[in-house]
Amino acid sequence: MVVQAITKNFPMSAQKMRELVRQIQGLPALQAQAVLAAVPRKSARVVAKTLKSAIANAENNNNAKPENLIVLEALAGTAATLKRFQPKARGSAGPILKRRCHIKIVLTDGLDE
């Protein structure tokens, strides 16, 4: 059984998010939650929330126990970038890229159906 949760358009670059998402890939779900609780970063709170949602999806939709769940896949991909401009010297404009990302967490219980 495979269960997933997706958070879309979070206002943070995917590069910053990937640093954290790579740490929980392959871990048991409850251990991944413990790892995320110890990391003092904004991205950790969002990934923890997405992981909690994936665990709830597994419990409510497939009657799976959280102790048996493993993080099969944890991805952070780029989303639409907001393009803004800041005035610069001598009438020119400097670009500002406000990056966003999608977070996808896939859990499995290891049993193939």
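Select Ser13 first, and show what surrounds it: leaving aside residues up to four places away in sequence, Ser13 touches Arg99 and Cys101. Bear in mind as you look that this is a predicted model.

Where along the chain are you? Ser13 sits in the loop that links β1 (2-10) to α1 (14-24). Is Ser13 buried or exposed? Its relative accessibility is 16%, and the cut-off for buried is under 20%, so Ser13 counts as buried.

**Along α1**

Now move on into the helix and select Ala14, Met17, Leu20, Val21 and Ile24, the buried residues of α1. Turn the view until you look down the helix axis: these buried residues fall within an arc of 130°, so they line one face of α1.

What does the buried face pack against? Show β1, α2 (29-38), α3 (42-62), β2 (70-78) and β5 (101-108): the buried residues of α1 pack against these elements. Cys101, one of the residues that Ser13 touches, belongs to the range of β5 (101-108).

**The whole chain**

Switch to a cartoon view of everything. How many helices and strands does the protein chain have? There are three helices and five strands, and from the N terminus on their order is β-α-α-α-β-β-β-β. The radius of gyration is 17 Å, well over the 13 Å that the globule rule gives for 113 residues, so the protein chain is more spread out than a compact globule. If you draw a box along the principal axes, the C-alpha atoms fill roughly 65 × 25 × 20 Å.

Colour by burial next: 35% of the 113 residues are buried. With contacts displayed, consider those with a separation of 6 or more; residues 24 or more positions apart account for 71% of them.

Colour the charged side chains as your last stop: 18 are positive and 7 negative, with the centres of the two sets 24 Å apart.

Technical notes
Residues are numbered from 1 along each chain as its sequence is written. This is a predicted model: local features need pLDDT of at least 70, side-chain atom pairs count only at pLDDT 80 or more; totals for chains, interfaces and linings use all residues. Side-chain values use heavy atoms; hydrogens and water are left out. Helices (H or I, at least four residues) and strands (E, at least two) are DSSP runs, numbered from the N terminus. The radius of gyration is taken over C-alpha atoms; the globule rule is 2.2 Å times the number of residues to the power 0.38. Buried means under 20% relative accessible area, exposed over 50%, partly exposed in between (1.4 Å probe, protein chains only). Contact means heavy atoms within 4.5 Å. Lys and Arg count as positive and Asp and Glu as negative; His and the chain ends are not counted. The place of a charge is taken as NZ of Lys, CZ of Arg, CG of Asp or CD of Glu. The arc is that of the directions from the helix axis to the C-beta atoms.
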